[in-house]
Amino acid sequence: MKQGTIDSNKPTIVIAPRFFSSLANQLRYAPVVHVVSTMLVLVFIFMSHSFGIQKQAVAVLQQDYGAFVATAVDDHIQRQYEDLQSLAHVISLGLLSADEQVIMLANIPQHYDVGESVMLVVEDGAGVTAVYPQNTLLLDASVQQMQQAVTDSATGIAFVPDISSPDAYALVMGAPLLRPDDSPYGMVLWRTDLAFLQGILDSSGVKYDGYAYLLNRSQTFLAYVNQDELLVQPRADHSAVSDLVAETAQPWQPWSRLLQTQIYRGLFGDWVLRQETAVANLNLSIIVETPITTAYAPILQMIYETIGFLIVVAIIALSLGYYFSHKIVIPLRQLSMAAARISDGDMSVQLDVDSRNEFGLVAAAFNRMTAQLHETVSTLEKSVEERTTTINRRSLQIQAAAATARDATSATELNELLNRAVNLVPSRFGYYHAGIFLVDESEKYAVLRAATGTVGQEMLRRQHRLLVGSEGIVGHVIATGSPYITSDTHRDPVYWPNPLLPETRSEMGLPLRVGDRVIGAMNVQSRKTSAFEEEDITILQILTDQLAVAIEKTRLFEKTQAMLTERLHTIVSNIPLMLFAFDRQGIITGRRQRVGNTEC
């Protein structure tokens with residue numbers, strides 16, 4: 001990796017976000033969540049609709065099964081009952097002897113579909129007069145039970161326990177025997193087993209989608225087909241169908257709520273959809289039960305296929321999420337690390353631009369931003385550094401001005417004051433050379449009184465002086481009383497070159513004024529062109545103004561000292577008897593001495 005680029009393997013301190021707050025996890029798992037949740041909603045809506053359609057289809061199919069069985073049973077029984085009524089209306093039957101009646105009953109199967117039925121003639125007061133087949137054993141109790149059941153039935157058709165088995169049931173039909181005057185004198189009974197029900201149930205096709213069974217209204221027995229065998233059993237053996245006809249059977253609530261239909265415990269213990277159809281004119285109900293696994297088999301198969309499809313979609317979405325998260329999060333992570341390094345002060349960070357997509361454009365823009373930021377920070381740092389240097393320089397210059405003001409109050413000798421002031425300029429302002437010129441008593445020349453460096457000492461030794469008003473910047477400043485600055489000595493006509501100062505490129509002259517009088521000038525020279533700034537001029541002008549006052553004060557002090565010294569010499573020469581002494585504070589004290597008797 002080239003210098004300034006981000007090393008993705010370099011460990012960095014990051015704050016681990018919450019799981020779903022991480023952009024990487026959002027890109028990885030959000031597609032799965034969105035796709036799967038959307039498909040689940042669509043699947044739920046579709047499945048709900050499909051469940052409703054399938055439920056209606058199963059209900060219609062069960063109704064068709066029930067209607068077919070009910071119609072077939074009713075038609076079969078009604079045909080037999082009509083045949084029985086035709087036989088009962090044969091008037092000659094009552095005039096025949098018992099043997100003749102048996103012969104007539106024997107001929108009935110040739111003309112009617114009676115199957116394995118048992119027919120008998122019961123005459124009032126005579127009991128059973130004829131039976132077919134003749135080998136049938138009938139008990140008086142069973143005959144009375146059949147006759148009573150038919151009599152109690154409004155339709156002339158009833159179900160009674162079969163005499164051959166206490167748990168079996170038989171169908172009994174009866175028709176009255178009538179005289180010519182339509183008065184009854186007996187009854188023809190027709191008893192048949194329920195074997196015909198197996199053929200009807202098998203022909204209905206219900207066994208392919210579930211099963212059906214018949215239940216009489218009094219709930220005494222039920223008939224159903226199990227393993228191709230018709231079973232007729234007491235209802236007490238099957239608690240699952242208790243109180244069915246009375247409609248008190250309770251559905252299974254959890255499944256009923258889920259499938260929005262009533263689910264019952266079936267005849268064989270499984271959970272079923274149940275449909276009841278009554279047989280017209282008979283005390284029978286056809287119960288069709290379809291296991292929910294069969295009823296909703298297409299829906300269940302669709303659910304299994306949908307689950308598999310959702311798993312495949314989730315895997316694809318998760319794979320795409322990982323792919324795009326890698327493509328998106330890695331560049332963002334590198335960008336975040338680069339930003340962190342910039343915040344730590346490393347402005348040399350650069351990202352590798354290895355693509356032309358949006359991330360490549362962002363990386364290129366980021367690199368331009370960091371380059372501009374680096375340049376801006378460098379400029380600011382340079383500006384701050386220059387400003388700091390300027391402030392420090394101004395501080396030194398102000399200190400120089402303050403030192404000059406302090407010296408002005410304490411200095412008593414002019415040369416000492418001038419030397420101190422002139423040496424502050426190069427040390428505090430950083431200039432090449434500085435000198436102080438004072439006007440002589442004739443006011444024609446400006447005499448150099450103090451200067452810096454060895455060149456300055458040489459110029460003092462030569463008693464360097466300039467003609468006021470004609471020679472150089474110093475003469476010009478003293479003549480005009482105004483500051484003069486040249487930024488480039490090679491192009492300034494006023495500048496007078498000094499062979500002892502060949503490196504001078506810019507020069508400034510500041511007048512030393514006391515009131516309206518110009519007593520001299522300060523000369524400052526630099527090796528740089530345009531070396532003098534406005535602040536430098538202001539501070540140096542303050543310094544020269546203070547220096548002028550100090551020079552004038554020192555001169556006045558020296559003149560006063562000279563006058564005092566001359567006066568003292570005069571007094572001393574005129575009063576020889578006076579003794580003088582100087583104490584350590586410089587205050588003159590005197591002591592009188594006696595000469596003879598005279599006090600002096």
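This report walks through a predicted model of one protein chain, from its overall make-up to selected residues.

## Overall make-up

The chain has 600 residues, and 38% of them are buried. Its secondary structure comes to 12 helices and 21 strands. The accessible surface is about 34,700 Å². Carbon and sulfur atoms account for 55% of that area.

Sequence separation in the contacts is also worth a look. Take the contacts between residues at least 6 apart in sequence: 57% of them join residues at least 24 apart.

In soluble globular proteins, nonpolar side chains tend to be buried together. The largest nonpolar core here holds 38 residues. Val73, Ile77 and Phe196 touch the most other members. Helix H1 supplies the largest share of this core, with nine residues. A second core is separate and has 27 residues. Its members include Leu414, Leu417, Val425 and Ile436.

H1 spans residues 23-88, and methionine 39 is found in it. Methionine 39 has 19% relative accessibility. The cut-off for buried is under 20%, so methionine 39 counts as buried. Beyond its neighbours within four places in sequence, methionine 39 is in contact with Phe309, Leu310 and Val313. Methionine 39 and leucine 310 are 271 residues apart in sequence. Their C-alpha atoms are 7.7 Å apart in space.

Helix H7 covers residues 297-343 and contains leucine 320. Leucine 320 has 44% relative accessibility, so it counts as partly exposed. Leucine 320 also belongs to a nonpolar surface patch with Val312, Ile316, Tyr323 and Phe324. Together the patch residues have about 480 Å² of accessible area.

Strand E3 covers residues 157-161. Four of its five residues are buried, so E3 is largely enclosed by the rest of the structure. E3 runs antiparallel to strand E4 (residues 169-178), and five bridges join the two. Phenylalanine 159 has leucine 171 in E4 as its bridge partner. Alanine 158 stands opposite valine 172 in E4.

E4 is mostly covered too, with eight of its 10 residues buried. E4 also pairs with strand E5 (residues 184-192). Those two strands run antiparallel and are joined by eight bridges. E4 and E5 form a hairpin with five residues between the strands. In that hairpin, aspartate 182 takes a positive phi near 65°.

## Helix H11 and its cover

Helix H11 covers residues 472-480. Its buried residues are Gly472, Ile473, Val474, Gly475, Val477 and Ile478. Just after H11, glycine 481 takes a positive phi of about 75°.

## Loop residues

Glutamate 443 is found in the loop between E12 and E13. Glutamate 443 is not a glycine, yet it has a positive phi of about 60°. At 60% relative accessibility, glutamate 443 counts as exposed. Serine 530 sits in the loop between E17 and helix H12 (534-574). Its phi is also positive, at about 50°, although serine 530 is not a glycine. Serine 530 has 52% relative accessibility and counts as exposed.

Glycine 266 lies in the loop between strand E9 (264-265) and strand E10 (271-278). Its relative accessibility is 0%, so glycine 266 counts as buried. Glycine 266 and proline 291 are 25 residues apart along the chain. A distance of 7.7 Å separates their C-alpha atoms.

Technical notes: Residues numbered from 1 in each chain as written. Predicted model: local features only at pLDDT ≥ 70, side-chain atom pairs only at ≥ 80, totals over all residues. Heavy atoms only, no water. Buried < 20%, exposed > 50% of the residue type's maximum accessible area, 1.4 Å probe, protein only. Contact = heavy atoms within 4.5 Å. Areas by Shrake-Rupley, 256 points an atom, 1.4 Å probe, with all protein chains shown as cover. Pairing = 2+ DSSP bridges. Patch = residues over 30% accessible without salt bridge, like charges linked within 9 Å, V, L, I, M, F, W, Y side chains within 5 Å. Salt bridge = Lys/Arg side-chain N within 4 Å of Asp/Glu carboxyl O. Core = buried A, V, L, I, M, F, W, Y, C linked by side-chain atoms within 4.5 Å.
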